[in-house]
Amino acid sequence: MKLVLLGPPGAGKGTQAKRLEETRGLKQLSTGDMLRAAVAAGTPLGLQAKQVMESGQLVRDDLIVAMIAERIGEPDCAKGFILDGFPRTVQQAEALDAMLVAKGLGGIDRVIELAVDEPALIERIAGRYSCAKCGAGYHDKFKQPKTNGVCDRCGAKEFVRRPDDRPEAVATRLAAYRQQTAPILPYYRARGLLTTVDGMADPEEVARQIDRALGS
Ligand code: AMP
């Protein structure tokens, strides 16, 4: 199955993608995670993307499309994948369709939109942080580690916040979603692929709504 998760930053795409990875054996492909890895490794792509990402703007379509085209051809994607954070522009959506056809992979099977309201999103994003070692996600208000200052999953004691979770960058990211990403919704709706779920519900309820949309 080839799935796209759409929704503004903080809508819960990553959380749901990780769950689907475990329950359905699909590979999560997060362009944000790939870019952060490229920045950390200091690759040419990382060097080009770093400042753009920190400001909250979108990285150039051609760079992103090339990165995804390479990734979906790898063996761990053979059973299917969940695109998390891609496509983010109509141009990327068109390029995705073309690359799937060119690789003989057919088309996208379903697009799930996580619909949310902006003030709640800002609160979600402003409080989030993760374990510096294993990447487990936490939140100042909604999900503290069981023992203060110690990661539940791996026991590490260092945590990090994303530089683009600063309020100015968050405002830019939300504007980018409204202006550049939301126009993808009619593109997929017109093809009968779009299901909208309530991204403000608790994660278990969101998961149930997604499962209903995907069938068993
Ligand atoms: P995310 O983790 O999905 O919120 O992505 C973090 C940042 O990476 C975004 O604010 C963009 O700067 C960049 N980025 C991630 N995915 C894309 C994409 N599909 N197109 C353009 N830029 C992207």
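Predicted model: local features only at pLDDT ≥ 70, side-chain atom pairs only at ≥ 80, totals over all residues.
**Note on the cysteines, sheets and ligand site**

1. At a relative accessibility of 27%, C134 counts as partly exposed.

2. C154 presents a second case. Its sulfur has that of C131 as the closest cysteine sulfur, again at 3.7 Å and too far for a bond. C154 is partly exposed, with 30% relative accessibility, whereas C131 is buried, with 3%. For the structure as a whole, the number of disulfides is zero. In general terms, a disulfide is a covalent bond that links the sulfur atoms of two cysteines.

3. The position of C131 deserves a separate remark. C131 belongs to strand 5. In sequence, 25 residues separate C131 from A156, yet their C-alpha atoms are 7.1 Å apart in space.

4. Strand 5 is also part of a sheet. Three strands make up this open, antiparallel sheet, and their order is 6-5-7. Its edges are formed by strand 6 (137–139) and strand 7 (159–160), each of which pairs on one side only. Strand 5, which covers residues 128–131, is joined to strand 7 by two bridges in the antiparallel sense. In that pairing, S130 has V160 of strand 7 as its bridge partner.

5. As a general rule, most residues other than glycine have a negative phi.

6. How are the faces of strand 3 covered? Strand 3 runs over residues 81–84 and has both faces covered: F81 and L83 are buried on one side, and I82 and D84 are buried on the other. Strand 3 runs parallel to strand 1 (residues 2–6), with four bridges between them; V4 has L83 as its bridge partner there. Strand 3 also runs parallel to strand 2 (residues 27–30), again through four bridges, and in this pairing the partner of S30 is D84.

7. Q28 is a residue of strand 2. With a relative accessibility of 11%, Q28 counts as buried, because that value is under the 20% limit. The side chain of Q28 is in polar contact with the side chain of D84, at 2.9 Å. D84 is itself among the buried residues of strand 3.

8. Most peptide bonds, by comparison, are trans.

9. Which residues are closest to the ligand? The ligand is surrounded by 16 residues, of which T31, R36, Q57, G85 and Q92 are the closest. Helix 2 (residues 31–41) supplies the largest share of this shell, with four residues. By class, the shell consists of six nonpolar, five polar and five charged residues.

10. Individual distances at the ligand site are as follows. A polar backbone atom of Q57 lies 2.5 Å from an oxygen atom of the ligand. An N or O atom in the side chain of R88 lies 3.0 Å from a ligand oxygen. For Q92, an N or O atom of the side chain is 2.9 Å from a nitrogen atom of the ligand. The ligand taken alone exposes 480 Å², and 96% of that area is buried by the protein.

Notes: Residues numbered from 1 in each chain as written. Heavy atoms only, no water. Pairing = 2+ DSSP bridges. Near = heavy atom within 4 Å. Polar contact = N/O pair within 3.5 Å; in protein donor to acceptor, adjacent residues only side chain to side chain. Areas by Shrake-Rupley, 256 points an atom, 1.4 Å probe, with all protein chains shown as cover. Nonpolar A, V, L, I, M, F, W, Y, C, P; charged D, E, K, R; others polar. Disulfide = S-S within 2.5 Å. Buried < 20%, exposed > 50% of the residue type's maximum accessible area, 1.4 Å probe, protein only.
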